[in-house]
Amino acid sequence: MADILRGRARSRQGLFVGWIRALTPANSWPALAGLLVFAAMLALQQLIEPGTQRLLTSVFLFVALAQAWNIIGGYTGYASFGQVAFFGLGAYTVAVLMNNYHVSFWAALPLAVLVGVVFAVAIGLPLLRLRGHYFAIATLGAAEGAREVINNLTSVTGGGGGITIPTFGSDAPTPYFGKPGFYLAFLVLAAVSVVVAAVLARSRFGYAMVAVHEDEDAAGAVGINTTVVKVVAFGVSAAIVACAGAFYAFQQIEFYPTDVFDASFTVLMVIMVMIGGSGSVVGPLAGAVGLQLLSQFLRVNLGNFNQLIFGAIIVLVVVFFPQGVVTYLRDAWRTRHFSILDNVRRYRL
Amino acid sequence: MSQFLQAAAYGVVQGGLLGLVAVGFSLVWGVMNVVNFSHGALAVTGAYVAWVLNVRFGLDPFLAIPVVAIALFAFGYVVQRGLINLVINAPIFLTLLLTFGLNLVILNGLQLLFKADDRTIDTSYASQSFAIGAVNVPYGRLAACFLALGITVALALLMSRTRLGHAIGATGMDRGAARLMGIRARHIYAVTFGIAAALAGVAGTMIATVGSFNPTTTPGQLTLDAFVISVLGGLGNMYGALVGGLVLGIAESLGGLLLTGTWVNAIAMAVLIVTLIIRPSGLIGKALYSGRVEV
């Protein structure tokens, strides 16, 4: 296990020293660009009004969720339709601990992540044996089931009546962050998820995930413990999603099981990854930013028609860029071949 | 005891109806490997067609069924031929994404046309019932259940006895070989999706007659039910959806009697997951499509 995670930096200096030594201008520019974007986002916060801050906060949330889904769905090839279960469990862990037991948010956060990971391992061990649609539906069922359990444990979770986190006065275990605080929190969360995805993708473990995706039997035959790879990938993904759910819960203050177990969260994660381009770090990032900005723009400007247009855009993107927009642009740039018609022909019957 | 029998009877008639919702979904999934997210939306579209015919022309919903079926078949044929066929060779989740987008377009289109209100098709007989002992059986639901049975049997006969059915089955098993035998796969896929859409429309009409529907919550619930039933019953067998529907219908109505709150939904999901783990080919499904070759 440790051997898989150690990655390519198997030098005597250990993980990070080896990495830093291996950096050259050619391979370190994505990291520098990422740092620049992060710094720019920090600076931008001082310039924008609260409404825009709120919009960008939701963009950061979806960047983290899309990166998390990409680890299990994009790299490992197991399209989970139940990721929202970890979101909801993270949210409810924080809310229950803060509301019922007056635990501070910072103490509840790691527990929320732990609950998400434990649930992921518990359902992952049996369900990750299923492939294709069957895995998707089993995880969808697991998420629906988790929601119903939370919904019916009324004495602990408040059931369908919802739950409220105390945020003001002496009653509050942790003071409310406010809009600027949550902007920062979700920005850091998005950055951490991008870094986790990028580091994983370039590690030995990342290659193992791709190998499982490409051909699981062959991956097993060359000595990859596919069960460990799949469960760990599922667990890492769940940890990010649960963490996002914990912050989301605190941000919302009051919410219902139907809010934080809403299957449309899962669907949006999948769509953002697919439209951006799965199996890369930039794809989900671009997909999340683009789609969230687009959907909010449509909501503001088109009123009742916004969902109709949103659906039509998804259909058109799937038909014209079936491999994802970022993947298309990258391949087109490399091969100097920009024909969109060939793109449409690719998967045609 | 009578309460128990009543719940069982209700479960059976409800299950037949749910089976009719799922049979088209299962067909498309089995033959084309497409999980159709817009299936519930197609059912509700059929319900609206029948509702408009009923409100404008006073047409009885059972008489409206042929019109609904033809309209939805045409719609389904065009959607498959012009849209889904374009990405049919893509990784499975792309088709899912496409039907999700389609689902949004249909639902919001319906909502703009008809508002988000709950609708129902009123008939003089749907709410009346007759009694066997202490058990009340509503006419509308019974008729819908028999219709579901009849259509499922007809579909099974179509698949096993006609050239069209054989062509659909062959294309589902090995598209490359089927095309070498002169089967036009594009057309066959479009016909398959058309049949599924027509069946969904008929099911939607029945749901509108025995209960109520709206464009916001009904489609998602129907698609999820179709999911569960298809997995329970297994793909590649026309009677699978019917069996799955009956199991789900009876389990839900008996569960509703015995359990408080919405625990019954949690139980249904647990049953689904356990079925998937123990017997992924479904209760009566066989691994007909497991040796599928995609060319």
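In this predicted model, the mean pLDDT of chain A is 88, and 95% of the residues of that chain score at least 70. Within chain A, confidence reaches its highest value in helix α12 (residues 226–252), at a mean of 96, and its lowest in helix α1 (residues 2–6), at 50. Over residues 7–11 of chain A pLDDT stays under 50, and for this stretch the model has ten contacts beyond four places in sequence. Where pLDDT is low, the predicted coordinates should not be read in detail.

Chain A is built with 18 helices and two strands. The radius of gyration of chain A, 21 Å, is close to the 20 Å that the globule rule gives for 349 residues, so chain A is as compact as a globular protein of that length. Taken along the principal axes, the box filled by the C-alpha atoms of chain A is roughly 60 × 50 × 45 Å, and 44% of the 349 residues of the chain count as buried. Of the contacts in chain A between residues at least 6 apart in sequence, 76% join residues that are at least 24 apart.

The contact between the two chains takes 35 residues from chain A and 38 residues from chain B. On the side of chain B that touches chain A, the elements that give two or more residues are α4 (92–114), α8 (185–210), α9 (218–233) and α11 (263–278) of chain B, and the largest share, 13 residues, is that of α4(B). By residue class, this side of chain B divides into 29 nonpolar residues, eight polar and one charged.

The largest nonpolar core has 209 residues, of which Leu65(A), Val94(A), Ala242(A), Ala244(A), Leu17(B) and Leu97(B) touch the most other members. When residues up to four places away in sequence are not counted, Leu97(B) touches Val270(A), Ile271(A), Met274(A), Ile314(A) and Val318(A).

In chain B, strand β1 (residues 129–132) and strand β2 (residues 135–138) pair in the antiparallel sense over four bridges, with Val135(B) in β2(B) as the bridge partner of Ile132(B). Two residues lie between the strands of this hairpin, in which Gly133(B) takes a positive phi near 65°.

Lys115(B), by contrast, lies in the loop between α4 and β1 of chain B and counts as exposed, because 10 C-beta neighbours are found inside 10 Å, where a residue with 12 or fewer is classed as exposed.

Helix α1 (residues 2–32) of chain B contains Ala8(B), which is partly exposed, with 15 other C-beta atoms within 10 Å. Apart from residues up to four places away in sequence, Ala8(B) touches Ile250(B) and Leu254(B). Ala8(B) and Thr192(B), which are separated by 184 residues in sequence, stand 33 Å apart in space, C-alpha to C-alpha.

Definitions and conventions:
Residues are numbered from 1 along each chain as its sequence is written. Chains are lettered from A and ligands numbered from 1 in the order in which they are written. This is a predicted model: local features need pLDDT of at least 70, side-chain atom pairs count only at pLDDT 80 or more; totals for chains, interfaces and linings use all residues. Two strands pair if DSSP finds at least two bridges between them. A nonpolar core is a set of buried Ala, Val, Leu, Ile, Met, Phe, Trp, Tyr and Cys residues joined through C-beta atoms within 7 Å. A residue is buried if 20 or more other C-beta atoms lie within 10 Å of its own, exposed if 12 or fewer, and partly exposed in between; C-beta atoms are placed from the backbone. Two residues are in contact if their C-beta atoms, placed from the backbone, lie within 7 Å. The radius of gyration is taken over C-alpha atoms; the globule rule is 2.2 Å times the number of residues to the power 0.38. Ala, Val, Leu, Ile, Met, Phe, Trp, Tyr, Cys and Pro count as nonpolar, Asp, Glu, Lys and Arg as charged, and the others, Gly among them, as polar. pLDDT is the predictor's confidence in each residue, from 0 to 100.
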